[in-house]
Amino acid sequence: MFQRLRQAVRKFLGKSVVSEEDVKALIKELQRVLIAGDVDIKLVLEISKAVEKQLMEEESKTFTLKQRVIKILHDELVKRFGESYEPKVGKQKIMLVGLYGSGKTTTAGKLALFYKKKGLSIALTSLDTERPAAQEQLKQLADEVEVHFYPYKEGEPLDYIDKLKEDVVILDTAGKNALDEELQNLLNEQYNETKPDVVYLVISADIGKVAIKQAEAFNNTVPITAAIITKFEGSGKAGGALSALARLNIPIAFVGVGEKLSALETFDARSFVAKLLGLPDVKGLLEKMKKAEIEPEEMDELNLETFYKQLKAAKGMGSLNDILSSAGMYDMPKDILRQGEEKLALFEAAINSMTPYERKHPEIVKKSSSRIKRIAKGAGIKPEDVNMLLSQFFKMEKLMKRFQKDKGMLKRLKKMMPGMKGLFR
Ligand SMILES: Nc1nc2c(ncn2[C@@H]2O[C@H](COP(=O)(O)OP(=O)(O)O)[C@@H](O)[C@H]2O)c(=O)[nH]1
Ligand SMILES: [Mg+2]
């Protein structure tokens with residue numbers, strides 16, 4: 001699902017520097033994907049305009065264009081698609097409404113299993129007398145989940161429902177191919193007589209553009225608490241249902257992701273959008289971006305002493321690797337990032353054995369094998385260890401020089417790592 005969008009995002013993130021054209025291309029691709037996924041065109045334009053507008057508004061001092069695009073896109077999509085609704089776990093009466101074939105009866109069974117697993121007792125009952133097999137279908141599901149099933153015959157009073165002792169009472173209802181007046185009246189009557197705590201609109205992910213009409217009609221018939229989108233797995237067409245629900249401000253409680261009774265998941269807008277964008281770690285990235293709002297400290301000059309301090313600081317940070325990659329620096333040499341305890345001890349010994357002048361001017365050490373030998377001897381280490389320290393230092397210096405050309409990256413890094421003084425001049 002939405003594979004193309006994920007590819008576009010990956011390509012976008014893979015660029016070392018992004019231009020305005022790259023941003024435009026990404027937004028174009030987003031539009032294409034959303035439209036192909038049946039998202040309402042108006043909503044697509046709203047989303048892309050909102051993203052563009054936010055990008056135009058003042059430049060960020062802390063983050064690159066690349067990061068901002070992803071963050072804005074993410075926030076915008078979450079805002080549009082995703083109010084999630086946290087289903088209550090506890091005593092309640094649930095009514096399921098939806099078109100014929102949307103998955104109501106299956107979902108009733110799935111909900112029974114969901115709540116049974118939470119330790120609650122369940123009653124399943126079906127008010128669907130339109131189809132002869134409807135009662136039998138739900139009974140079979142009840143047997144499968146091993147919960148109580150209460151049959152209902154057309155014309156009987158509905159007061160048996162209030163007498164049910166189970167914690168969670170799930171009412172299945174009849175559906176039709178479209179919500180006509182007859183069904184509207186029936187549902188309305190059943191709602192008024194049973195007064196459910198929660199009404200879920202069961203809507204199929206592949207309903208397409210008619211979603212808005214259908215959802216609106218149901219919402220006008222009975223007060224919808226939240227929606228359950230079925231057949232959510234593998235469908236790139238969920239956009240119709242998603243945008244209809246967004247437009248009507250109906251939150252999403254669950255998604256059905258298969259025919260099995262266990263194939264029901266609570267819906268989390270953030271992780272859905274993250275998946276949509278192919279960024280399972282968006283959350284982490286955003287958190288790091290928030291943390292990075294700390295004021296940067298003045299930076300010292302990079303020399304062997306400050307370099308050593310950085311290595312030590314970096315080691316304590318543990319997730320330095322993550323921080324650097326979320327800053328867009330994927331090419332940090334691994335040997336610099338991961339300094340073992342032993343190597344740090346060697347470096348410390350070498351630095352202690354240097355004169356203050358040598359520490360500030362590592363280039364004179366590099367040029368002189370007699371200095372290297374002297375330092376190694378004084379430190380009780382091998383000349384190779386001194387050379388390793390020097391080589392890592394110069395590698396770092398080279399990197400820093402490169403980053404200094406990328407002003408945005410440098411500023412960001414300074415903010416991200418206030419403890420990393422000395423790496424930047
Ligand atoms: N793949 C898939 N199929 C589903 C899902 N939910 C329901 N179905 C299937 O959709 C069809 C209609 O389901 P049913 O519960 O009878 O719909 P109802 O008419 O609304 O009660 C059945 O074949 C179900 O197995 C789902 O989440 N994924
Ligand atoms: Mg049914």
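Keep in mind that the model is predicted. Ligand 1 has 17 residues around it, and the protein covers 80% of the 580 Å² of accessible area that ligand 1 has on its own. Ser48, our other stop, sits in helix H3, which spans residues 41–56.

**Who surrounds ligand 1**
- Of the 17 residues around ligand 1, the closest are Gly101, Lys104, Thr105, Thr106 and Glu233.
- Helix H5 (residues 104–117) gives the largest share of this shell, with four residues.
- Sorted by class, the shell is made up of nine polar, five charged and three nonpolar residues.

- The side chain of Thr106 has an N or O atom 2.5 Å from an oxygen atom of ligand 1.

**A look at Ser48**
- Ser48 counts as buried because its relative accessibility is 3%, and the cut-off for buried is under 20%.
- Its side chain makes a polar contact with the side chain of Gln31, at 2.7 Å.
- A polar atom of the Ser48 side chain also lies 2.9 Å from the backbone oxygen of Val44.
- Setting aside neighbours within four places in sequence, Ser48 is in contact with Ile27 and Gln31.

Definitions and conventions: Residues are numbered from 1 along each chain as its sequence is written. Chains are lettered from A and ligands numbered from 1 in the order in which they are written. This is a predicted model: local features need pLDDT of at least 70, side-chain atom pairs count only at pLDDT 80 or more; totals for chains, interfaces and linings use all residues. Side-chain values use heavy atoms; hydrogens and water are left out. A residue is near a molecule or strand if one of its heavy atoms lies within 4 Å of it. A polar contact is a pair of N or O atoms within 3.5 Å; within protein, one must be able to donate a hydrogen and the other to accept it, and residues adjacent in sequence count only if both atoms are side-chain atoms. Accessible areas come from the Shrake-Rupley method with a 1.4 Å probe; for residues, only the protein chains shown count as cover. Helices (H or I, at least four residues) and strands (E, at least two) are DSSP runs, numbered from the N terminus. Ala, Val, Leu, Ile, Met, Phe, Trp, Tyr, Cys and Pro count as nonpolar, Asp, Glu, Lys and Arg as charged, and the others, Gly among them, as polar. Buried means under 20% relative accessible area, exposed over 50%, partly exposed in between (1.4 Å probe, protein chains only). Contact means heavy atoms within 4.5 Å.
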